[in-house]
Amino acid sequence: MPMAAAVGGLTTGFARPSVESIAPSTSYAAPVRVFFKPLKGTRVVLRGGGYWGPRCEIDPNSNSVRSDQIGSSAPGLSALELLKTSSVDRYTRERSSIMVIGLNVHTAPVEVREKLAIPEAQWPHAIGELCALNHIEEAAVLSTCNRIEIYVVALSQHRGVKEVTEWMSKRSGISVSELCKHRVLLYNNDATQHLFEVSAGLDSLVLGEGQILAQVKHVVKTGQGVAGFNRKISGLFKHAISVGKRVRTETNISSGSVSVSSAAVELAQKKLPESSYATAEVMVVGAGKMGKLVIKHLIAKGCRKMVVVNRTQDSVDALNMELKDVEIIYKPLSEMLACAAEADVIFTCTASKTPLFMKEHVAKLPLARTELGRRLFLDISVPRNVEPCVSDLETVSVFNVDDLKEVVAANKEDRLQKVQEAQSIIAEEIRKFEAWKDSLETVPTIKKFRAYVERIRASELDKCLSKMGEDIPKKKKVAVNDLSLGIANKLLHGPIQHLRCDSNDSRTLDEILENMHAINRMFDLDTDLSVLEEKIRAKVERGQK
């Protein structure tokens, strides 16, 4: 809740002033009401025309918030100047945030998700639109059949959330209030953890599935060279790819099963020779809830073509709309046996009360084309869709739901252990990424420091050459120039090494950031304000094009 402090009052535990209401006054000595947002560990005193407080002061000469002097008053500071300096202080004190805003299969139905879906071909354009928003620096789009998520680097958290949510609403035609009902909204470490879990398959409908990792890779591939897909967001997604690979390699999380439908798919994969994975013809009978799950598990395992036999075509058409890049061929029940004659693996999952496959019918089917020569029936229906005596035939192998329960039970405990292992890996990788991201805070200081030293070098070189006269040989000029460069580079080497985050170095991130602040103070680099000005200028220039 906003808190207010008036002139002559004392407010403790506040900083990052955000002026929301200022009385029409020409002087700060007159009654002014300033609203503050709480920040732990800061004390602000307003008394008799002065703005006092440790590490927080308004300097009327520089029109900016300073922290190097305490106790001087600022008479005559206008309300407009206060608003300007407060805004600058807000941005220079608040570090940019990584955020994710979106919806996924766990939070929103498909009829909502499909309105927000962004085709891959439109991802670069979407990034451009997002980065044109006032408080968005970088952006990326992850849009699949199960999720639509916008990842951004924002100059301000609450303004960034507001702008992106409104952009999503305008693009989809869904009201902001409706979006907020289904929205996933995470900041910084939580946003990083979410993407790492997504890439590792922990947030998927099918735990550990591999398709999402390929989709995360495609975000990076599509974003290459796109303005707005810059260092932080690019680094985040590249790190997420590494996490996804590491989790799958070290935990083998994609091999276990936790449901009847996934167990059926996994069992079929185990029973098929490896050489038949890519060529086996797959058929699914039934497109209800269980049938849809079987189809999704098949896709997660790499199946890209299948025949679905169903009573009506509507369910299959809906699946084709939802699941892209997969060929799902609809056939009516009347063609079931004809389709079975061409299939090597058949999943049955209908609510029929009587068997669909009788022994006399199955006996007439030609041999399957797999190396085993046996046609696989995986019957996960109750009552069963495959007549029990079909298993007596030497040309087929039949597995029912009781056979699958054993697979599920055997894998459930193992899968839980793998999730815990995956979470440990993700926690470790988050620490690495956050250290890398925080180390980027020193990059502007390094650039400013190099430029500062180069200005001095160039100036002193000119003075030296002018004293030496105009008739000095070119060879000597080059030697003097090289000498000045060598001296400057050797002097720069030590400080810059102490500003870089090296995994082989014993320095902590706090020490590196402390070194950065020390160099900023010693050489008056004023990095924060300069970076802010550059960002605002770039925004204005983009808006004018």
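The model is predicted, so local features need pLDDT of at least 70 and side-chain atom pairs count only at pLDDT 80 or more, while totals for chains, interfaces and linings use all residues. Residues are numbered from 1 along each chain as its sequence is written, and side-chain values use heavy atoms, with hydrogens and water left out.

Axes here are lines fitted to C-alpha atoms, for helices over the stretch in contact, with angles running from 0 to 180 degrees between N-to-C directions. The crossing of helix 9 and helix 10 is right-handed, where right-handed means that the near helix is turned clockwise from the far one by less than a right angle, and left-handed anticlockwise. On the helix 9 side the contact (heavy atoms within 4.5 Å) uses Ser261, Ser262 and Val265, and helix 10 brings Met290, Leu293, Val294, His297 and Leu298. By class, the residues where helix 9 meets helix 10 are five nonpolar, three polar and no charged. Nonpolar covers Ala, Val, Leu, Ile, Met, Phe, Trp, Tyr, Cys and Pro, charged covers Asp, Glu, Lys and Arg, and the others, Gly among them, are polar.

Zooming out, the chain's secondary structure comes to 18 helices and 16 strands, taken as DSSP runs numbered from the N terminus (H or I, at least four residues, for helices; E, at least two, for strands). Of its 545 residues, 46% count as buried, that is, under 20% relative accessible area, with exposed over 50% and partly exposed in between (1.4 Å probe, protein chains only). Among contacts between residues at least 6 apart in sequence, 69% join residues at least 24 apart.

The largest nonpolar core has 58 residues, a core being a set of buried Ala, Val, Leu, Ile, Met, Phe, Trp, Tyr and Cys residues joined through side-chain atoms within 4.5 Å. The members that touch the most others are Val141, Ile150, Tyr151, Val164, Met168 and Phe237. Helix 8 (residues 231–251) supplies the largest share of this core, seven residues. A separate core of 29 residues lies apart from it, with Val282, Ile299, Val345 and Leu378 among its members. As for Val141, its partners beyond four places in sequence are Ile118, Trp123, Ala126, Ile127, Leu130, Ile148, Glu149, Ile150 and Val219.

Helix 8 also packs against two other helices. With helix 6 (residues 188–200), the axes come within 8 Å and cross at roughly 45 degrees, so helix 6 and helix 8 are oblique to each other. Their crossing is right-handed. From helix 6, Thr192, Leu195, Phe196, Ser199 and Ala200 take part; they meet Leu236, Phe237, His239, Ala240, Ile241, Val243, Gly244, Val247 and Arg248 of helix 8. The contact of helix 6 with helix 8 works out at nine nonpolar, four polar and one charged residue.

Helix 7 (residues 211–223) packs against helix 8 at an angle of about 160 degrees, with the axes 9 Å apart. That makes helix 7 roughly antiparallel to helix 8, and the crossing of helix 7 and helix 8 is left-handed. Here Ile212, Leu213, Val216, Lys217, Val219 and Val220 of helix 7 face Phe237, Lys238, Ala240, Ile241, Gly244, Lys245 and Arg248 of helix 8. The contact of helix 7 with helix 8 has eight nonpolar, one polar and four charged residues.

Asn188, in helix 6, has a phi near 50 degrees, a positive value in a residue other than glycine, and is partly exposed at 22% relative accessible area. Asn252, in the loop between helix 8 and helix 9, has a positive phi near 55 degrees and is partly exposed at 42%. Ser169 belongs to helix 4 (residues 157–172) and, at 14% relative accessibility, counts as buried. Setting aside residues up to four places away in sequence, Ser169 touches Ile174, Ser175, Val176 and Leu179.

Arg369 lies in the loop between helix 13 (359–363) and strand 15 (375–379) and is exposed, with a relative accessible area of 57%. Again leaving out residues up to four places away, Arg369 touches Glu281, Glu342 and Asp344. The C-alpha atoms of Arg369 and Ala343, 26 residues apart along the chain, are separated by 8.3 Å.

Key:
Parallel < 35°, antiparallel > 145°, perpendicular 65-115°, else oblique.
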